[in-house]
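Thanks for coming. I have one structure to go through today, and I will keep it short. Please have a look at it first.

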Amino acid sequence: MANFSKEEVAKLALLAHLDVSDRELDALHHDLNQIVGYVDRLEQVDVTGLEPMQHAFDAKNIWREDVVQPSLPQEVALQNAPHRIENFFAFPRIVPTKKGEASAIESEDIE
């Protein structure tokens, strides 16, 4: 059974860019060793003759026919839009723009 040291767990946390306290490191150390121990136990199970499976139960996709149907009319789709510009939904930009670049929709345009 693999047993990780606290130093190894701290290095893994560093590589994963996780900022963990000493208390969290103790918990991670314990949990990681528990998980690896469980995987070690699973490796001891004899699976000779068992078919590989994707799910624990027999799951099948039920596909519908791909039939062209009329879509929702644009005016109906937009009727409850709180803000719109022409025939489009409008909302304030939520990602920063490049410095000096104007956003396509300014928040004051939405209010």
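This is a predicted model: local features need pLDDT of at least 70, side-chain atom pairs count only at pLDDT 80 or more; totals for chains, interfaces and linings use all residues.

The angle itself is roughly 105°, and the axes of α1, residues 6-15, and α2, residues 22-43, come within 9 Å.

Which residues make the contact between α1 and α2? From α1 we have K6, V9, A10 and L12, and they meet L25, D26, L28, H29 and L32 of α2. By class, the residues of this contact are six nonpolar, one polar and two charged.

One more residue in this region is H30, which also sits in helix α2. Is H30 buried, partly exposed or exposed? Its relative accessibility is 46%, so H30 counts as partly exposed. Between H30 and K6 there are 9.1 Å from C-alpha to C-alpha, with a sequence separation of 24 residues.

Now the chain as a whole. The chain has four helices and two strands, and along the sequence they come in the order α-α-α-β-β-α. Of its 111 residues, 13% are buried. As for contacts in the chain with a separation of 6 or more, 28% of them are between residues 24 or more positions apart.

That is what I have on this one.

Terms used:
Residues are numbered from 1 along each chain as its sequence is written. Side-chain values use heavy atoms; hydrogens and water are left out. Axes are lines fitted to C-alpha atoms, for helices over the stretch in contact, and angles run from 0 to 180 degrees between N-to-C directions. Contact means heavy atoms within 4.5 Å. Ala, Val, Leu, Ile, Met, Phe, Trp, Tyr, Cys and Pro count as nonpolar, Asp, Glu, Lys and Arg as charged, and the others, Gly among them, as polar. Buried means under 20% relative accessible area, exposed over 50%, partly exposed in between (1.4 Å probe, protein chains only).
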